[in-house]
Amino acid sequence: MLQVESAPFVCIAMSPVVTIESLDQEGRGVTHVDGKAVFVEGALPGERVAIETLKRKPSYDVARVVTVEKASASRVTPRCPHFGVCGGCTLQHADPALQIAAKQRALEEALARIGRVRPEMVLPAIDGPAWGYRLRARLSVRHVPKKGGVLVGFHERQSSYVADMRECHVLPPRISDLLPKLRTLIGSLTIRDRLPQIEVAVGERLNSMSAGASSVVYGLVLRVLDMPSVTDEAKLVAFADMHDVELWLQPGGPGTVTPFHPRHATLAYTLPEFDVALPFAPTDFTQVNARVNRVLVRRAIALLAPQPGEHVVDFFCGLGNFTLPIARKGANVIGLDGNAALAKRAETNARHNGLAGRTSFQVANLFAATREMVAALGPLDRALIDPPRDGAVELAKSLPHRNDERAVKRIVYVSCSQATLARDAAVLVHDRGYRLAAAGVVNMFPHTAHVESMAVFEP
């Protein structure tokens, strides 16, 4: 019998030993007791587990594993000693194959249940390194004298408390090793109670604008409610030099981020297959997993199949992650984004990569898209849609019907929410008349329940 360690909770009631049927979209085991759904933290499909109930709702309960009576063959020992307390990961107890299979199943179930659609082809899952992959992270900072001083890390699971972390295996080893050192550093500052957050941004320092010439840059953005004193500044500079990291300060919103040391700190990431380099600010949105992002872009461009001279639109273009590779294929691309700063940076990136002649960028509220807005873009051959978690339902409603002479030849939709992808797929298929030609998952966040997905629609 396996005893399972987990975060402390208040136990409301004991439940019987149950058999786990599947995983839900949050990585919890799913079972039923007297016909009522029970979501079990720490359980895997096929396991028999003893559980304790944490929360009762009219239509479901939430529970956690106390002991595993019969373990799944896919159960593994979590690598991180903080797993179960830290909320950064939820699936370290499952082997990678099960994680990917569960995410693929969740996508297909969401498409069928919410969208009432099924893909004609299931795309092979995109996967990458399971450890050290997370190049973007937001770490909370709290000065807690009762716990020995400053804590730096992710929040505890289902809690606002900061986990007492000494290491993190999904962060790059260099950043993981810095966690105890950051605790000591911040504890020595006069503003230790006025520094609530550190944002990790790992990128590349470009020796030229060639996508093949770069070195790794480890950046840390310190969110400060008061500016550091002269003594603090000296300690920060010494820390940055000793550990070869670049520091930014953020006294207000994201627009207030400025390099602190060195004064001309820069970050970028590259897509070597397309000879593209994209400089970015440390608080700009970029994918957390650079290696998987490269495969994601490669597949998206292959599925979109832009041809020289075609007119393509990249909705929610951001920094140009897809726009510039599409342009590199010879197509003429319009990039649209609701964030003016990102659209401007994408335009700058296009110039840096010699692609200004085949790209143009506009600021547009795509959450309020209309058919007139889309029509104003002119005839379009293909479209790429990469929205945030809220999806793009109004945009989907605004695209030309498949029987319209203006219908696009192909739509590639990249999503960070299976629920909103399924909802928007229903619009594209049942209202706009497109076929869901293919769909699959992208394991951008190993050991978490979060997943990127990709879908292809054709007339």
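Visitor: What makes the crossing of α1 and α9 right-handed?
Guide: A crossing is left-handed if the near helix is turned anticlockwise from the far one by less than a right angle, and right-handed if clockwise. α1 passes α9 in the right-handed way. This is a predicted model, in which local features need pLDDT of at least 70, side-chain atom pairs count only at pLDDT 80 or more, and totals for chains, interfaces and linings use all residues. Residues are numbered from 1 along each chain as its sequence is written, and side-chain values use heavy atoms, with hydrogens and water left out.

Visitor: Why is α1 called oblique to α9?
Guide: Angles under 35 degrees count as roughly parallel, over 145 as roughly antiparallel, 65 to 115 as roughly perpendicular and the rest as oblique. The axes of α1 and α9 (residues 418-431) cross at roughly 45°. So α1 is oblique to α9. Their axes come within 8 Å. The axes are lines fitted to C-alpha atoms, for helices over the stretch in contact, and angles run from 0 to 180 degrees between N-to-C directions.

Visitor: Which residues of α1 and α9 meet?
Guide: Contact means heavy atoms within 4.5 Å. Among those in α1 are A106, L107 and A110. Among those in α9 are L421, A422 and H430.

Visitor: How do the residues of that contact divide?
Guide: Ala, Val, Leu, Ile, Met, Phe, Trp, Tyr, Cys and Pro count as nonpolar, Asp, Glu, Lys and Arg as charged, and the others, Gly among them, as polar. The contact of α1 with α9 has 10 nonpolar, 3 polar and 2 charged residues.

Visitor: Why are α2 and α3 called roughly antiparallel?
Guide: α2 (residues 173-187) and α3 (residues 230-243) pack at about 155°. Therefore they are roughly antiparallel to each other. Their axes are 12 Å apart. The crossing of α2 and α3 is right-handed.

Visitor: Which residues of α2 and α3 meet?
Guide: L178, L182 and L185 are among those in α2. K235 and F239 are among those in α3. The contact divides into 5 nonpolar, 1 polar and 3 charged residues.

Visitor: Why do β18 and β21 count as edges?
Guide: The open sheet has 7 strands, in the order β18-β17-β16-β19-β20-β22-β21, with mixed pairing. Two strands pair if DSSP finds at least two bridges between them. β18 (359-363) and β21 (435-442) each have a single partner strand, so one side of each is left without a neighbour in the sheet. The twist averages 15° from one strand to the next.

Visitor: How do you know that β21 and β22 pair?
Guide: They share 7 bridges, in the antiparallel sense. V441 stands opposite S453 in β22. α1 (residues 96-115) packs on the sheet, touching β21 and β22.

Visitor: What joins β19 to β16?
Guide: The two strands run parallel, joined by 4 bridges. F315 has I385 in β19 as its bridge partner. β19 also runs parallel to β20, with 4 bridges. There, L384 is partnered by V412 in β20.

Visitor: What makes both faces of β19 covered?
Guide: Buried means under 20% relative accessible area, exposed over 50%, partly exposed in between (1.4 Å probe, protein chains only). R382 and L384 on one side are buried, as are A383 and I385 on the other.

Visitor: Why is V374 called buried?
Guide: V374 has a relative accessible area of 4%, so it is buried. V374 lies in α7 (residues 371-375).
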